[in-house]
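Reader: I've got a model open and I'd like to learn how to read its charged pairs. Could you walk me through it?

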Amino acid sequence: MRLRLAPALLILAATGASAAGPAAPVPDEAAPRLANHRAVYDLSLAKSEGTRAVEGVRGRIVIDFSGDACRGFTMQTRQVTMLDSSESGNRTSDLRNSTFESGDGGSFRFRTATFLNNVPSPAVDGTAEAAAEALKVKLKEPKRAEYQTAGEVMFPVRHMIRLLKAAKAGETTVSAKVFDGSDDGRKVYDTLAVIGRASAAPAADTERDKPLREGDLAAMRRWPVTLSYFTAGEGERTPIYTLTFDLYENGVSGRLNLDYGDFAIAGNLTQLDLPEDKGKDKGTGATDCRR
């Protein structure tokens, strides 16, 4: 089994709120502005049960996210996960992912390299174009291929902006089809996000995500989100995995939990770097493409 971080979370960095219920709409909000950042999450076992239970989890996720609506968005992600299991043996997975998404959400480039116990799997490399009527994907690796999927499909950054807009508008659920180029580069996921009530109160848990309790982030508005990923299809389905996290107004996230069913992994944000975003109006969140 290959562990991976859901793409929708890779463009975040937040802290802890757990209140539930619909949020009051906020009128005349500026468009969401995602903060450039480098985030480091240390991983640990949150729960273990069932036939695929594990005894221990160690590892780290490192995310480098940069860009804006003018230049597009670039993301470099590495996730190393070590699973200790007396049932299936100890395993180490190393996922390295690079993506670029255009500012309008219409085009996407992706490359993924995966190692299991230091043995490489075939790399996945390709491009995709999204329009209202279809998603078109071209693969270079592991072998050249082209395919398309009917209907509207979102790439990860556009999906996250959609979640932020929904949270600010007081919406409590968002359904969307999402493509991130993961696995074999051929999968489109059905997703369902449940958004809780906004909070700007100090985080109750003082042991997790310490960088998010400093400076402007300490009082920044955030929403608890549960985001489930499903194999595309019809009828009732069990999620492939579910993410819970606190979504901050600037697009960073905390209180990360990745639930794979038989076990879940907690991510503790231990380092967060927020370089100054030049070319952006800090007062309005607008991006000046002329600079």
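Predicted model: local features only at pLDDT ≥ 70, side-chain atom pairs only at ≥ 80, totals over all residues.

Reader: What counts as a salt bridge?

Author: You need a side-chain nitrogen of Lys or Arg within 4 Å of a carboxyl oxygen of Asp or Glu.

Reader: Is D94 buried or exposed?

Author: Buried means under 20% relative accessible area, exposed means over 50%, and partly exposed is in between (1.4 Å probe, protein chains only). D94 has a relative accessible area of 10%, so D94 is buried.

Reader: How many salt bridges does the structure hold?

Author: There are 17. Take K47 and D259 as another case: their closest N and O atoms are 3.4 Å apart. This pair ties together distant parts of the chain, with K47 in strand 1 (residues 37-48) and D259 in strand 14 (residues 253-259), 212 residues apart. Strands here are DSSP runs of E, at least two residues, numbered from the N terminus.

Reader: And how accessible are K47 and D259?

Author: K47 is partly exposed, at 28% relative accessible area, and D259 is also partly exposed, at 23%.

Reader: Which strands hold D125 and R111?

Author: First the contact itself: the side chains of D125 and R111 meet in a salt bridge, 3.2 Å from N to O. D125 sits in strand 7 (residues 124-130) and R111 in strand 5 (residues 107-116), so this pair, too, links distant parts of the chain, 14 residues apart. D125 is buried at 17%, whereas R111 is partly exposed at 37%.

Reader: Which residues are joined into one network by shared partners?

Author: K47, E49 and D259 are, through salt bridges that share partners.

Reader: Where does R197 lie?

Author: R197 is in the loop between strand 11 (189-195) and strand 12 (222-231). At 39% relative accessibility, R197 is partly exposed. Along the sequence R197 and V225 are 28 residues apart, and in space their C-alpha atoms are 9.3 Å apart.

Notes
Residues numbered from 1 in each chain as written. Heavy atoms only, no water. Helix = DSSP H or I, 4+ residues; strand = E, 2+ residues; numbered from the N terminus.
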